[in-house]
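Here is a friendly walk through a model that you can follow on screen. Have the sequence at hand as you read.

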Amino acid sequence: MTNGRFSPHLAPVLILLWFAQPGSARAAEPPPGPGIGLVEVIRMMLDHDPNVSIGESRLRSSQGALLSSRGIFDPVVNAGLTERELNDPLSEVASREQSILTNSLGMTKLFRTGLSIEPELQLSRTADTGRQDVNLGTFSFTLRQPLLRGRGREFTAAPELSAELQVAASVLDLRQTTSERALAVVAQYWEARAAVLNLAILQESEDRARELMETTRKLIEADVTPAADLVQVEANVVSKETARIGGERDLFAARQALGREIGLEPARIAALPLPSDPFPTLPAAAALPGGDVSRWIAVAVERRSDLQAARERQSAAEVLRKAADQALQPQLDLLFTPSYSGLVEGSDADSFLGPLYRNIPGAASLLSLSLSWPTQNSRARGDLAQIEAVREQNELLEELITRQIGANVPIAVDAVVRGAQQLERAQEAVRLFERAVENEEKKLRAGTSTLIDVISQRDRLTSARQSQVASHFALAVAIAQLRFETGTLLPGDVRGVQALHLTTLPFQAGDEP
């Protein structure tokens, strides 16, 4: 060897001892093995993520509020039984005593139009000392119709209508939360997958460095190369081993983070298989999103769950605002009460019920107006002020989300376009560096290169492969981010999620708007 270069007579030895090993252009993908797929990870998240469970609890709370708001329309049955004992000292009969037994049964029913009905049946028996028992029966049917405040569905059913809209908003909130959690899990899944591939690249680089070190030792034992050259290749092995240990650390951290995003308990994270799905691929560059981004923004405005939820809450606030505005009016009710009464004497059970169908002189009726007018009406004015503030907040929130969509969607589209371009160039760089390594090895065999030159070219190839993995990771996350921003990350039935929903561009998985 002269000036650190191999002489031509070393070529046969190098060919037999080193380059007979696996080719320098070994693929970065590790051999397939047991692992976990992206869809399986998403379904695990749906079962274990506490954020999704919190969203489901909030939905149940909204459904409970809706059920409670409907309670005012439930029929209410009223029944009463009283007995009074009277002693009249002014009576002509000494120690005259009276016993009055009264039994009542009624019902109150409020309709969503504001009309309410109150049928009531009352039976009473008066037992008087020295006289025949007197049984009195009365049946009345009161209809109350509000004329100002409380009239119509917009007022009476406003809490129920608002609660229904709040339930719809909670459903959309749950969907948005699920989409956010799915995006976080997808991104972490691809990060863990990138860590697997990076570790495979670093492991291969270390293996090649060890092969070179063993070859160099054999050359030193054969007195073909000086012993001083071993220091360089040993340092190269230590460097590659250090990088591999760092790759193992990154993979461990990525898998722990993936388990945390799924919502697994710490004990289960350790048993979580490594990601096995390949990175997504895109069609030809001509089919990439771009050009008129307004189409993507329009899709997002139509399909984003958080924007839809804000609209539902705005509608709910508008319902309450109309009702609160009507509550400023006085309450003027029209009451109409038809009734009839019967009177029968006797002390047996038949006489007690007899007034309902015997000795009925005729029907009576009562027509009246009832006015209630709070002069200050502070409560109604305060309720209206609060609802107006909530309505304004919802309007601002809807506008804010719309602006965010208008800014984020173009960023997501650009990330996909440039990510695809970056990946294409990274793949080309790997191909070129593979050729450069092959050429450098040929030059080494011809004695016109050095071990340091080959090691340097191999390090560049390793970096290029890592850059390819990083580009593939960035593109995979960009695709998921674009689907999230456009509201197409998950299907209507989230349990029916498929890989196409997570790894393809919108509208390529049957999710046309």
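Helix α6 is followed by G263, whose phi is positive, near 105°. Helices (H or I, at least four residues) and strands (E, at least two) are DSSP runs, numbered from the N terminus. This is a predicted model, in which local features need pLDDT of at least 70 and side-chain atom pairs count only at pLDDT 80 or more, while totals for chains, interfaces and linings use all residues. Residues are numbered from 1 along each chain as its sequence is written, and side-chain values use heavy atoms, with hydrogens and water left out.

How far apart are the end C-alpha atoms of α6? They are 50 Å apart, which agrees with the 50 Å that the 34 residues of this helix (229–262) should span at 1.5 Å a residue. The expected span is 1.5 Å times one less than the number of residues.

Now to the strands. β5 (residues 331–345) and β6 pair in the antiparallel sense over 10 bridges; two strands pair if DSSP finds at least two bridges between them. Strand β6 (residues 363–372) is hardly covered, with 0 buried residues among its 10, where buried means under 20% relative accessible area (1.4 Å probe, protein chains only).

The largest nonpolar core has 43 residues, and I42, L258, I262, L489 and L502 have the most contacts inside it. Such a core is a set of buried Ala, Val, Leu, Ile, Met, Phe, Trp, Tyr and Cys residues joined through side-chain atoms within 4.5 Å. The largest share of this core, 16 residues, comes from α5.

Next come the spaces. On a 1 Å grid over the protein atoms alone, a cavity is a set of points where a 1.4 Å probe fits but cannot get out, and a pocket is an open set with protein on both sides within 12 Å along at least five of seven lines; lining residues have an atom within 4 Å of a point. A volume is the space filled by probe spheres set on the points, which are joined across faces, edges and corners.

| Space | Volume | Top contributor to lining |
|---|---|---|
| Largest pocket | about 530 Å³ | α11, 4 residues |
| Second largest cavity | about 70 Å³ | α5, 3 residues |

The structure holds 2 cavities of 30 Å³ or more. Among the residues lining the second largest cavity are R175, R303 and L489. Of the 21 residues lining the largest pocket, R149, F155, A323, A327 and D383 lie nearest its centre.

Note on methods
Buried means under 20% relative accessible area, exposed over 50%, partly exposed in between (1.4 Å probe, protein chains only).
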